[in-house]
Amino acid sequence: MNKALDTASRARRILFVTSEVFPLAKTGGLADVSSALPAAMSSLGADVRVMLPAYPQALDLARDLRVVPGGDVPEGRLLVGRTPDTQIPIILFDAPALFTRKGGIYQDESRENWPDNDRRFASFSRAAALVGLGRTSLAWCPEIVHANDWHTGMVSAFLHFSGERRAKSVFTIHNLAFQGNFPLASFSTLGLPTEALSPEGLEFYNQGSFIKAAIRYSDRLSTVSPTYAREILTPEHGCGLDGLLRSRACDLVGILNGVDYGVWDPSNDIELPRKYSPDDLSGKDDCKSQLRDEIGLPQESQSPIIAYVNRLTDQKMADVVLDALPQLVATGAQIVIHGTGDRRFEEHFAHAAQAYPNNVAVRLGYTEALAHRIVAGCDLSLTPARFEPCGLTTMYGMRYGALPITRAVGGIADIVDDAGVMNADNVVGTGFLFDKAAADDMVDSMLRAASWYRDSAAWKRLQRRAMTRNFAWGQSAQQYLALYDSALGVTTPDECRPIRIDPPIAPSIQRNLFQLEA
């Protein structure tokens, strides 16, 4: 990118629309991305505002919060303020009837999806589109509206059918499996034309789909790793939308997520009992000892600790981890499970902790501070997945010297280099990969890891290799700015080539989704 274009992109006005942002609201990695990426782009000179619903916690934690005079929008009003950590300007969609509730962001206290999630996030998307159209009393109007995941998928449709001069739309697919599919009738009240409710629009197997609307009507599309961008163009990983995605392949890029090392770095992590770094790993031993005390595992100095800090779901291979547990325990390893998910998996992990009290500890739920202490105190981070858009947990573990045992799929293929079999004279790689979603393959990787672990000097060299891999947001932020310029027509295809999918999809397989669905 030449200097003139670089300066232009840094001055862009960007509305970053998301359903969660750390620390105002978090259920997963989207919140971390929604905090760190806008901050990284802001540091490059971009004028970024983050927009999210005014959940109770967001109202409590936001700084300098005030009502926008004349800021009423359908079903709510607009508030402005700043995030408490990065000080990024935020716009909150304040709609108490939709978002002031007991329970979670997406689910009630019984962990059932809110029955009106379609209305909740359609209203939020409409409010964001109005900001993108300059049809609010805000004294600011974006050039780019960057929406994220299905909850904001309708933003692009509202902008597309506005018939007005508007901001360009960019949509990031963080996980294609979560699509926001609802009865088609619920979309009939949104004011969209009939064509939008057809198979050529957002209709998807007799339902309406938020994410299909975004894929169909956004000016540019991105995913959170280059490998996942290629995978979702195939029937295996396309979740029924691969045909439409292939038809949009020339507008789709894969940009690897980054890590906010102001939050996730053992050398400055305020949650740890003792800090450490690649140059001085002694503090990790203290973190390990204190973690055992905290979670009730015996101080077995010769045993590695394996962390499974994850959503307890089929995607994250919780069933395979359960199948592998007896074999992992037989090696002498200790396993710490922290997360929430399907109740059947939670119950099985709780039973495993009772069956193996000296080797398995389970802490259901999710606490940010505990997650930091676990990753700091463990030797290995178990992060397998049947599909993996990016792999932020794997990145976090690597920074903390918790070497990943994980499956070579999606973003993991862009993150982890396999260490191979034990060879103290040839220390390569940053973790331990396996191919099949099977317990035996997972255990084989664990046994390879154990052979490395027994050689303390070689193990520390592996740890240092992983800890010094740099996944900071700077490069990815520059790629997003280049994508915005592409949407605005500022750059030529050659200037965008570094973030295009390579190799390109052959025209012969660019089938139309509308024929595919018939």
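Guide: Let's start with W114, which counts as buried because its relative accessibility is 15%; buried here means under 20% relative accessible area, with a 1.4 Å probe and protein chains only. Bear in mind that this is a predicted model, where local features need pLDDT of at least 70, side-chain atom pairs count only at pLDDT 80 or more, and totals for chains, interfaces and linings use all residues. Residues are numbered from 1 along each chain as its sequence is written, and side-chain values use heavy atoms, leaving out hydrogens and water.

So where does W114 sit? You'll find W114 in the loop between α4 (96–99) and α5 (117–132); helices are DSSP runs of H or I, at least four residues, numbered from the N terminus. Setting aside neighbours within four places in sequence, W114 is in contact (heavy atoms within 4.5 Å) with R101, K102, G104, I105, Y106, Q107, D108 and R120. With Q107 there's a further detail: the W114 side chain reaches the backbone oxygen of Q107 at 3.1 Å. As for G103, 11 residues away along the chain, its C-alpha atom is separated from that of W114 by 9.5 Å.

For another buried spot, look at strand β1 (residues 13–17), where 4 of the 5 residues are buried; strands are DSSP runs of E, at least two residues. β1 runs parallel to β2 (residues 47–53), joined to β2 by 5 bridges, and L15 stands opposite R49 in β2.

How values were computed: Buried < 20%, exposed > 50% of the residue type's maximum accessible area, 1.4 Å probe, protein only. Polar contact = N/O pair within 3.5 Å; in protein donor to acceptor, adjacent residues only side chain to side chain. Pairing = 2+ DSSP bridges.
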